[in-house]
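Let's walk through this model together, one region at a time. Have the sequence and the 3D view open as you read.

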Amino acid sequence: MSFNAARPNLLAAPGVAWLVTFMVVPCLLVLSYAFFQRGVWGGIEYTFTLENFARVADPLYARIFLNSARIALTTTAIAILIAYPAAYAIARAPRTRQPILLFFAVLPFWSNYLIRTYAWIVLLNREGLINNLLRSMGYTGEPLSLLYTEAAVITGLVYNYLPFVILAIYSTLSRLNPELMEASRDLGAGPVRTFLRVTLPLSLPGVAAGGVFVFVLSIGNFVTPALLGGGRFQMVGNLVYDQFLTANDWPFGAALGAALIVTMIVLLFVQARATARASGESREAQA
Amino acid sequence: MEAKNGTVALRAAAAVVAVSLSAGMATAADLVISNWDGYMAKDIAESFKAATGLELEVVNHATNEEIMGKIMAGGGKGYDVVFVSSPFAEVLNAQGMLEPLDKSAVPNLANLYPEAEKLAYDPGNQFSVPYTWGTTGLCYRSDKVSGTPDSWMNLLQPADDLKGKTTMLATDRWLMGAGLLGKGYSVNETDPAKINEARDLLIEAKKTLLAYDDTTFYSKLVSGEASLVHAWDGWCNYGIAENKDIKFVVPKEGSDLWIDTMVVMKDSEHKDNAMKFINFILDAKNHAWAAENILYKVPNKAAMESLPASLGEQYPNMKMPPEELVKYELLRDLGPAQKDYSRAVSEIKAAN
């Protein structure tokens, strides 16, 4: 093997080593806990069992899973509906202005996730900015209960993950060949029809990538439901957190984590397959 | 701990995790303490060193469960003195993980109230020393709540004008405790049918809550977001400090008696130093720090008597005498019923 052939492997080595040491090994370690029993007072008893996985399917926990999926799905849908027009507008803006617009889209990422979430508490609480603004405008009724609601949790999740979706959709839209749209118009299609029949289908891989990203991050999130939901809305992330940090039931927490990771991997796999197929088709279309 | 059945690698791996979790292992300090953040004077290491010449290392845990997880994962190694609530001290002792107190090395035990030496989980302070004690009740804005709340049902089935303006503690024992006391049961109830009754009451109560809150409930009272909250007496004092309309009451159905304790780990390699530390804390001046600064009652007669009278005037619950305090029911380890509590709490939290 020549040096040139070996070089790509060599260059990847630090990254691979990092991933294996700090991600694969800890993940496998935690997952292996799922097959053991919880000690009487926490800790782990090294006796093989599948009981933890059976407990994941218990209606109580299955319901929390489904509820989390519903919240994550709602978040994803809203994020796509907001992000698509934004990404479209950025992609259609003059080339020189696009970097600035993208910069503003990702600007929130420059501050800490927790701080941004606390900012929502400041905005939404009963004595917060929104209620005070309403009051100063002459509203005299009971202050609105905006915080500690499911809507607050979804708002927080959408807000935090929106830039991902904008970026993902923008990246496919900006790469579309403008000649395709011109051809559509030359052949007599109006702007709406061109969008629906040409632009939208070709941008779906970006929508799928952004959507899966938001869904996966939302379903496992535990900070936002804890802070904006006031602990009243338990998501599967909170359940995992509780198992590790309060119930001291690491094996069950590991089994829940495993179920969550499998869900995510399946979704990412489906999305990758769909993207691969779609980009294959678009290449054929462009050829 | 002996490895067997080909699980050596796993145990080794688990041990690595445990080691990395238990900060303070392989340290040069003469003594490692784990305590809640802010539960001791910030300069405790300096003052302890000045008094004894020993290097003290303080690590923090956020909850009892966290420190229990660390201790169980690491077999108790790496810590000398640990601060835990009494039911956890009871568990650690039952597991044989605690060192009996060497009373000759802790003469300041004489400062404790007689009541603090007769606590049912550890009569005679064989393996634990109480650090703080208190009650759990209702903390409220007297200018916003009509009448004086005097029952757990004021919180669990609030009047219409309080709906959406109450918070509850979410930690297992206290959340369940409110429901159990509301039903007239013991805070240590183990009968599954009674636990379920409390659970159902708490699920109904959830619909009227603003939020579950273990850490910022008093600031919600100060800001006016909440009017009536489930609170530990000491934490209610933090609200009283900012707004004199805030008051604390122990409901007529009673309260739990919670006690945070200091214990010495059996695996400690610095047991003599650990006893010196406990003796140092029990010194009236040092123990009074806790009462004055974290506004919790301390079971130290000499320390409590040294407090300025103004403290008790500003925070009336600080004046509750020990003989009244010990009438409330001690939180005890639940044994196997802990699982029923955990399950009930999961069901409450998952309920819509």
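Residues 151-173 of chain A are 100% helix and 0% strand, and their end C-alpha atoms sit 30 Å apart. Helices here (H or I, at least four residues) and strands (E, at least two) are DSSP runs, numbered from the N terminus. Before going further, please keep in mind that this is a predicted model: local features need pLDDT of at least 70, side-chain atom pairs count only at pLDDT 80 or more, and totals for chains, interfaces and linings use all residues. Residues are numbered from 1 along each chain as its sequence is written, while chains are lettered from A and ligands numbered from 1 in the order in which they are written.

The span 151-173 belongs to a set that an unreviewed UniProt entry annotates as "transmembrane region" in chain A, together with 12-36, 69-88, 100-123, 194-219 and 250-270. UniProt positions are given in the numbering used here, feature names are shortened, and such annotations may be inferred rather than shown by experiment. Residues 12-36 of chain A are 88% helix and 0% strand, with 35 Å between the end C-alpha atoms.

Now look at how two helices of chain A pack. Two packed helices are described by the angle between their axes and the distance between the axes. Helix α3 (residues 59-92) of chain A meets helix α7 (residues 150-175) of chain A at an angle of about 40°, with the axes 6 Å apart. Axes are lines fitted to C-alpha atoms, for helices over the stretch in contact, and angles run from 0 to 180 degrees between N-to-C directions. α3(A) and α7(A) are therefore oblique to each other (under 35 degrees counts as roughly parallel, over 145 as roughly antiparallel, 65 to 115 as roughly perpendicular and the rest as oblique). The contact of α3(A) with α7(A) has 23 nonpolar residues, three polar and one charged. Nonpolar means Ala, Val, Leu, Ile, Met, Phe, Trp, Tyr, Cys and Pro; charged means Asp, Glu, Lys and Arg; the others, Gly among them, are polar.

Next, turn to where the chains meet. 30 residues of chain B are in contact with 24 residues of chain A (C-beta atoms, placed from the backbone, within 7 Å). On the side of chain B that touches chain A, α1 (8-21), α3 (64-74), β6 (209-212) and α15 (338-350) of chain B each give two or more residues. α3(B) gives the most, with six residues. By class, that side of chain B has 14 nonpolar, nine polar and seven charged residues.

Notes:
Two residues are in contact if their C-beta atoms, placed from the backbone, lie within 7 Å.
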